[in-house]
Amino acid sequence: MKKVIIFDLDGTLLYTLEDLMNSVNYALNKYAYPTRTMEEISSFVGNGVKHLLKQALPQGVEDNEFEQCFDCFKEHYSEHCCELTHPYEGVLETLKILKDKGLKIGIVSNKFQSAAEEVCEFYFNGLYDIVMGESEECRRKPSPDGINKICERYGVEKDDVIFFGDSEVDIKTAENASVYCVSVLWGFRDREFLTENGASLFVNNPLDIVDMVD
């Protein structure tokens, strides 16, 4: 039985696309740039919100224009990030079962640390043990920093850890951290894409995770 279960956040525990799209398009519209579709936003996520906005903007946008647009996005998203966002069906029940089994639950996100903490407390209060977001001490994925710090915190070997994520970034993160990776199929990437990017273990439903960690 594994001792520590680590999850990605967006696309694995939380459905966040619509709030992200609305805030991106709010900023793009304000600065007279073309807005983006849900499909486009889905393809841009995974590397943090700064990368998301860089991908959403047209090529050739100057640095000062990007920073203004990024500030606009951040302000809007901070006020509207929980309007349409919600845990995927079965996630809350799964986390509770895992906690009841005595497992440590970690969350590693490319959100900034303060934002990751706020979101996790809002949606998963009492159902996780530690969240690692981007900070000066923790580089964003695919850096292994978040996973490594969780392993150090709980004094576990990498073989005692399993990491669940929905993207190619999560696959690379697990590889860099030398932990088992399972790709979830309800997130922002499909099975074909994940397989092309190195995925070999999959899970179709959050509740199936319970059996995988025994």
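How many cavities of 30 Å³ or more does the count come to?

1. The count comes to three. A cavity is a set of points, on a 1 Å grid over the protein atoms alone, where a 1.4 Å probe fits but cannot get out. The structure is a predicted model, in which local features need pLDDT of at least 70 and side-chain atom pairs count only at pLDDT 80 or more, whereas totals for chains, interfaces and linings use all residues. Residues are numbered from 1 along each chain as its sequence is written, and side-chain values use heavy atoms, with hydrogens and water left out.

2. The largest cavity has a volume of about 220 Å³, a volume being the space filled by probe spheres set on the grid points, which are joined across faces, edges and corners. Its lining comprises 18 residues, lining residues being those with an atom within 4 Å of a point. Asp-10, Gly-46, Asn-47, Gly-48 and Asn-110 lie nearest the centre of this cavity. Helix H3 (49-56), strand E4 (104-112) and helix H8 (168-177) are the elements that give two or more residues to the lining; E4 supplies the largest share, three residues. Helices (H or I, at least four residues) and strands (E, at least two) are DSSP runs, numbered from the N terminus.

3. By residue class, the lining of the largest cavity divides into six nonpolar, six polar and six charged residues. Here Ala, Val, Leu, Ile, Met, Phe, Trp, Tyr, Cys and Pro count as nonpolar, Asp, Glu, Lys and Arg as charged, and the others, Gly among them, as polar.

4. The second largest cavity holds about 40 Å³ of space. Residues that line it include Phe-7, Trp-186, Pro-206 and Ile-209. Helix H5 (residues 91-100) gives the most to this lining, with three residues. Seven of the lining residues are nonpolar, two are polar and none is charged.

5. In the largest nonpolar core, of 53 residues, Ile-5, Phe-7, Phe-73, Phe-124 and Phe-164 touch the most other members. Such a core is a set of buried Ala, Val, Leu, Ile, Met, Phe, Trp, Tyr and Cys residues joined through side-chain atoms within 4.5 Å, where buried means under 20% relative accessible area (1.4 Å probe, protein chains only). A second, separate core of 20 residues includes Val-4, Ile-6, Ile-171 and Leu-194.

6. Seven aromatic pairs are found in the whole structure. The rings of Phe-66 and Phe-70 are stacked, because their centres are 5.6 Å apart and their planes lie at 10°; rings pair if their centres lie within 6.5 Å, and planes under 30 degrees apart count as stacked. Both residues lie in helix H4 (residues 63-80), and both are buried. Ring pairs link Phe-66, Phe-70, Phe-73 and Tyr-77 into a cluster.

Note on methods: On a 1 Å grid over the protein atoms alone, a cavity is a set of points where a 1.4 Å probe fits but cannot get out, and a pocket is an open set with protein on both sides within 12 Å along at least five of seven lines; lining residues have an atom within 4 Å of a point. Buried means under 20% relative accessible area, exposed over 50%, partly exposed in between (1.4 Å probe, protein chains only). Rings of Phe, Tyr and Trp (its six-membered ring) pair if their centres lie within 6.5 Å; planes under 30 degrees apart count as stacked, over 60 as edge-to-face and the rest as tilted.
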